Amino acid sequence: MEILKERIIKDGVAIGTEILKVDSFLNHQIDVVLLSQIGAEFARIFANCGVTKILTIEASGIPIACFAAVHFGNVPVVFAKKAAPSTMTEEFYGAEVKSFTKGTVSVARISKKYLSPEDRVLIVDDFLAHGEAAFGLASLVKQAGAQLVGVGAVIEKQFQGGGKKLTEAGVRVESLAVIKSIKDGNIEFA
Ligand code: 5GP
């Protein structure tokens with residue numbers, strides 16, 4: 001997605017060789033025009049897949065999933081919670097997810113009420129790095145007996161291998177911007 005790559009070049013900040021900071025349009029301040037275009041692109045790529053639900057993980061995946069959902073004909077968005085709130089009194093599906101940026105391990109949880117075997121689920125997230133979040137979310141889909149249509153990442157850091165692992169596991173992965181390397185502050189796309 002050319003407009004996204006241009007924005008990453010313009011506003012993205014490389015932190016060392018592993019992390020890309022895109023707080024000005026995706027992770028802190030949100031450019032809603034760009035997000036709507038991103039949502040439309042996911043809808044174009046995954047058209048005719050019969051998506052009934054979009055699944056993501058809090059926090060940064062939520063706006064992406066919501067904008068995408070509108071372009072999929074207003075399907076519901078379900079987001080996994082990283083901590084068990086006292087309001088989550090019902091039964092839930094859970095999967096351990098290691099956070100690459102925070103170095104913590106949490107259990108991603110969704111209530112059993114919001115995914116069912118009839119669902120065809122698209123997972124979306126802001127970044128695909130080592131694939132921890134995507135594999136965790138895929139596990140929740142599996143536990144519910146639902147069908148995983150694919151994983152849509154806004155930015156994939158190819159050099160961290162998550163996309164390859166998911167593809168090898170039989171998951172369709174579609175990333176809107178794929179980064180090959182980050183070196184000396186330069187972002188190289190695949
Ligand atoms: P993974 O689980 O694939 O290893 O990492 C993806 C998750 O970690 C995403 O949910 C994202 O929030 C976070 N993440 C991974 N790499 C980056 C990065 O370079 N920049 C930012 N802002 N978040 C990242």
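Q: Which side chain has an N or O atom 2.7 Å from an oxygen atom of the ligand?
A: This is a predicted model; local features need pLDDT of at least 70, side-chain atom pairs count only at pLDDT 80 or more, and totals for chains, interfaces and linings use all residues. Residues are numbered from 1 along each chain as its sequence is written, and side-chain values use heavy atoms, without hydrogens and water. The pair counts as a polar contact (N or O atoms within 3.5 Å). The side chain is that of Lys157.

Q: How much of the ligand's accessible area does the protein cover?
A: On its own, the ligand has 500 Å² of accessible area (Shrake-Rupley, 1.4 Å probe). The protein covers 88%.

Q: Which element gives the most to the shell around the ligand?
A: Elements giving two or more residues are β2 (19-21), β7 (120-128) and α5 (132-143). These are DSSP runs, at least four residues for helices and two for strands. With 4 residues, the top contributor is β7.

Q: How many residues surround the ligand?
A: The closest are Leu20, Asp125, Gly131, Ala133 and Lys157. A residue counts if a heavy atom lies within 4 Å. By class, the shell has 7 nonpolar, 4 polar and 4 charged residues. The number surrounding the ligand is 15.

Q: How many residues line the largest pocket?
A: The ligand takes up space that is the largest pocket. A pocket is an open set of 1 Å grid points for a 1.4 Å probe, with protein on both sides within 12 Å along at least five of seven lines; lining atoms lie within 4 Å of a point. Nearest the centre are Lys82, Ser99, Thr101, Asp126 and Phe127. The lining comprises 36 residues.

Q: Which element supplies the largest share of the lining of the largest pocket?
A: β2, α2 (23-27), β5 (92-98), β7, α5 and β8 (147-157) each supply at least two residues. The largest share is 5 residues, from β7.

Q: What is the phi of Asn48?
A: Asn48 sits in the loop between α3 (32-45) and β3. Asn48 is not a glycine, yet its phi is positive, at about 65 degrees.

Technical notes: Polar contact = N/O pair within 3.5 Å; in protein donor to acceptor, adjacent residues only side chain to side chain. Sits in = over half its atoms within 2 Å of the grid points. Nonpolar A, V, L, I, M, F, W, Y, C, P; charged D, E, K, R; others polar.
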